[in-house]
Amino acid sequence: MGVVLRREKARLATDSELDQDLSDRLGLSSSDTLTNGSHRGDAAAAKRLAKRLFHLDGFRKSDVSRHLSKNNNFSCMVAEEYLSFFTFTGLTLDQALRTFLRQFALIGETQERERVLSHFSRRYLECNPKFLPSEDAAHTLTCALMLLNTDLHGQNLGKRMSCTQFIGNLEGLNDGQDYPKDLLKVSPFYNPKQ
């Protein structure tokens, strides 16, 4: 019983306790911070943390998302450094997204997951600047793919989204234009058997 209680207490550690532990492990001084504060983030610490997260050095796949999804400067620096380990050049958006999401477990609240996907979209566009006209267009399509995947492969009991519905849902969302239908119809984007 005592072991179970200790595990539960460890699992319930607060973000500030986890941040302090991480600060200690990364060797940050008291003038640096990992939380939403007014102190500057440490670029060298962000780089070290990103490398350790990517290589899962002292971290589990379930730990990664938490460090990429916070709404502060340090988390943004970590996410930028973490994504620099990925080269998405020449990959389709769904191939890149699968490569990215194999590396860690995308967990957290909706806005936290959305932040991580926003970092991904930015990096994808850096690697493929001619693929879509803007970061917003890449992010919109990334989120649409995530929703499509959930619709096609989730445990929902309703009718699955058709290719026509998927294309219709994205009308006008490519910087005011439609996404190319040929792009959305290709099997990697819409193949319920995958």
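# Briefing: an all-helix predicted model

Setting aside residues up to four places away in sequence, Asn128 touches Phe88, Thr89, Gly90 and Leu91. This is a predicted model. Its protein chain has 10 helices and 0 strands. Asn128 sits in the loop between H7 and H8, while Phe88 belongs to the loop between H5 and H6.

- Asn128 counts as buried because its relative accessibility is 11%, and the cut-off for buried is under 20%.
- A polar atom of the Asn128 side chain lies 3.1 Å from the backbone oxygen of Phe88.
- The Asn128 side chain also reaches the backbone nitrogen of Gly90, at 2.9 Å.
- Thr89 and Leu91 are among the other residues that Asn128 touches.

**Phe88 and the aromatic rings**

- Beyond its neighbours within four places in sequence, Phe88 is in contact with Leu83, Ala96, Phe100, Phe120, Arg123, Tyr124, Cys127 and Asn128.
- The structure holds 13 aromatic pairs.
- In one of them, the ring centres of Phe88 and Phe120 are 5.3 Å apart and the planes meet at 65°, so the pair is edge-to-face.
- This pair links distant parts of the chain, with Phe88 in the loop between H5 and H6 and Phe120 in helix H7, 32 residues apart.
- Phe88 and Phe120 are both buried.
- Ring pairs also build a cluster out of Phe54, Tyr82, Phe85, Phe86, Phe88, Phe100, Phe104, Phe120, Tyr124 and Phe131.

**The nonpolar core**

- The largest nonpolar core has 43 residues, and Tyr82, Phe88 and Phe100 have the most contacts inside it.
- Eight helices each supply at least two residues of this core: H3 (43–54), H4 (61–68), H5 (73–83), H6 (93–102), H7 (110–127), H8 (135–153), H9 (163–169) and H10 (181–185).
- Helix H8 gives the most to this core, with 7 residues.
- In soluble globular proteins, nonpolar side chains tend to be buried together.

**The chain as a whole**

- From the N terminus on, the elements run α-α-α-α-α-α-α-α-α-α.
- The protein chain has 194 residues, and 38% of them count as buried.
- Among contacts between residues at least 6 apart in sequence, 59% join residues at least 24 apart.
- The accessible surface of the protein chain comes to about 11,500 Å². Carbon and sulfur atoms account for 51% of this surface.

**The loop between H3 and H4**

- His55 lies in the loop between H3 and H4.
- With 49% relative accessibility, His55 counts as partly exposed.
- The C-alpha atoms of His55 and Tyr82 are separated by 9.9 Å, although the two residues are 27 apart along the chain.
- Leu56 is also placed in the loop between H3 and H4.
- Leu56 counts as partly exposed, at 29% relative accessibility.

**Positive phi angles**

- Most residues other than glycine have a negative phi.
- Leu56 is not a glycine, yet its phi is positive, at about 50°.
- Asp175 is not a glycine either, and its phi is positive at about 55°.
- Asp175 lies in the loop between H9 and H10.
- At 43% relative accessibility, Asp175 counts as partly exposed.

**Confidence in the model**

- The mean pLDDT of the protein chain is 82, and 74% of its residues reach 70 or more.
- Among the elements, H7 has the highest mean pLDDT, at 97. Helix H1 (residues 2–11) has the lowest, at 47.
- Over residues 3–14, pLDDT stays under 50. The model has 1 contact beyond four places in sequence for this stretch.
- Residues 29–39 also have pLDDT below 50. Beyond near neighbours in sequence, this stretch has 20 contacts in the model.
- Where pLDDT is low, the predicted coordinates should not be read in detail.

Definitions and conventions
Residues are numbered from 1 along each chain as its sequence is written. This is a predicted model: local features need pLDDT of at least 70, side-chain atom pairs count only at pLDDT 80 or more; totals for chains, interfaces and linings use all residues. Side-chain values use heavy atoms; hydrogens and water are left out. A nonpolar core is a set of buried Ala, Val, Leu, Ile, Met, Phe, Trp, Tyr and Cys residues joined through side-chain atoms within 4.5 Å. Buried means under 20% relative accessible area, exposed over 50%, partly exposed in between (1.4 Å probe, protein chains only). Helices (H or I, at least four residues) and strands (E, at least two) are DSSP runs, numbered from the N terminus. Contact means heavy atoms within 4.5 Å. Accessible areas come from the Shrake-Rupley method with a 1.4 Å probe; for residues, only the protein chains shown count as cover. A polar contact is a pair of N or O atoms within 3.5 Å; within protein, one must be able to donate a hydrogen and the other to accept it, and residues adjacent in sequence count only if both atoms are side-chain atoms. Rings of Phe, Tyr and Trp (its six-membered ring) pair if their centres lie within 6.5 Å; planes under 30 degrees apart count as stacked, over 60 as edge-to-face and the rest as tilted. pLDDT is the predictor's confidence in each residue, from 0 to 100.
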